[in-house]
Amino acid sequence: MADMRTLRDEVAGWVGGDPDGPAGAPAGLSGVHTAVLVEGLSDLAAVEALAAGRGRDLASEGVCVMPMGGAMSVGRYAALLGPAGLGLRLVGLCDEREKPFFDRGLDPSWTPRPEVHVCTVDLEDELIRALGPARVEQIVEAEDELRAWRTFVRQPAQHGRPREQQLRRFMGTKKGRKIRYGRVLAEALAPDRVPAPLDDLFAAL
């Protein structure tokens with residue numbers, strides 16, 4: 001089975017270094033046939049949590065979820081991993097505002113054709129709407145952040161904003177919080193409440 005952590009680290013090193021990419025296959029590539037390109041670590045956490053909830057071991061299936069540190073890097077990741085590079089099938093998960101980067105970075109003429117699944121606003125928004133704000137607030141309490149949440153919603157900038165928007169903003173106010181909630185919100189989803197972009201993504205894998 002492929003070592004996904006090693007593969008992610010090696011690819012990130014190539015993207016940040018040699019513009020021509022790797023000279024050969026990385027050590028972690030063995031058995032991998034598909035790369036799921038996502039923006040960051042919170043997306044990775046959500047996809048991995050949902051995979052576990054569905055009883056799927058993506059690594060053993062030859063699927064690597066690849067956080068890129070921002071959608072602007074999609075072209076370089078695609079060049080390294082796709083048909084012109086390591087020959088992997090490419091699948092994307094992105095926010096609405098990032099779709100143009102994926103459109104430019106993924107060539108629709110590639111075989112197999114890259115699939116991109118787009119979240120309305122972003123993944124956190126999809127998860128919050130799927131669960132409902134009341135359930136998300138219960139999760140915030142279970143994560144021992146009720147006091148921080150109540151302090152946050154008392155801020156003048158939050159007055160009058162919809163609860164869903166407040167929750168989404170709260171998750172981005174502390175380092176590591178989006179990653180944690182990407183995981184725990186995905187874990188809390190009932191099978192029939194999985195947002196369409198995530199459900200479609202898994203159907204494509």
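Predicted model: local features only at pLDDT ≥ 70, side-chain atom pairs only at ≥ 80, totals over all residues.
Residues are numbered from 1 along each chain as its sequence is written, and side-chain values use heavy atoms, leaving out hydrogens and water.

**Overall build**
- The protein chain has 11 helices and four strands (DSSP runs: H or I of at least four residues for helices, E of at least two for strands, numbered from the N terminus).
- Its radius of gyration is 18 Å, close to the 17 Å from the globule rule for 205 residues, so the chain is as compact as a globular protein of that length (taken over C-alpha atoms; the rule is 2.2 Å times the number of residues to the power 0.38).
- Along the principal axes, the C-alpha atoms fill a box of roughly 55 × 35 × 30 Å.
- Of the 205 residues, 47% count as buried (under 20% relative accessible area; exposed is over 50% and partly exposed in between, with a 1.4 Å probe and protein chains only).
- Take the contacts between residues at least 6 apart in sequence: 74% join residues at least 24 apart (contact means heavy atoms within 4.5 Å).

**Strand S2 and its surroundings**
- Five of the five residues of S2 (residues 63-67) are buried, so this strand is largely enclosed by the rest of the structure.
- Val63, Val65 and Pro67 point one way from S2, while Cys64 and Met66 point the other way.
- S2 runs parallel to S1 (residues 34-38), and five bridges join them (pairing takes at least two DSSP bridges).
- Pro67 is the bridge partner of Val38, and Leu41 touches Pro67 too, along with Ile179, not counting residues up to four places away in sequence.
- Leu41 sits in helix H2 (residues 41-53) and is partly exposed at 49% relative accessibility.

- Most residues other than glycine have a negative phi, and most peptide bonds are trans.
- The Thr111 to Pro112 peptide bond is cis, with omega near -5°; Pro112 lies in the loop between H5 (99-105) and S4 (115-119).
- Val121 has a positive phi, near 65°, and is partly exposed at 29% relative accessibility.
- Asp144 also has a positive phi, near 60°, and is exposed at 72% relative accessible area.
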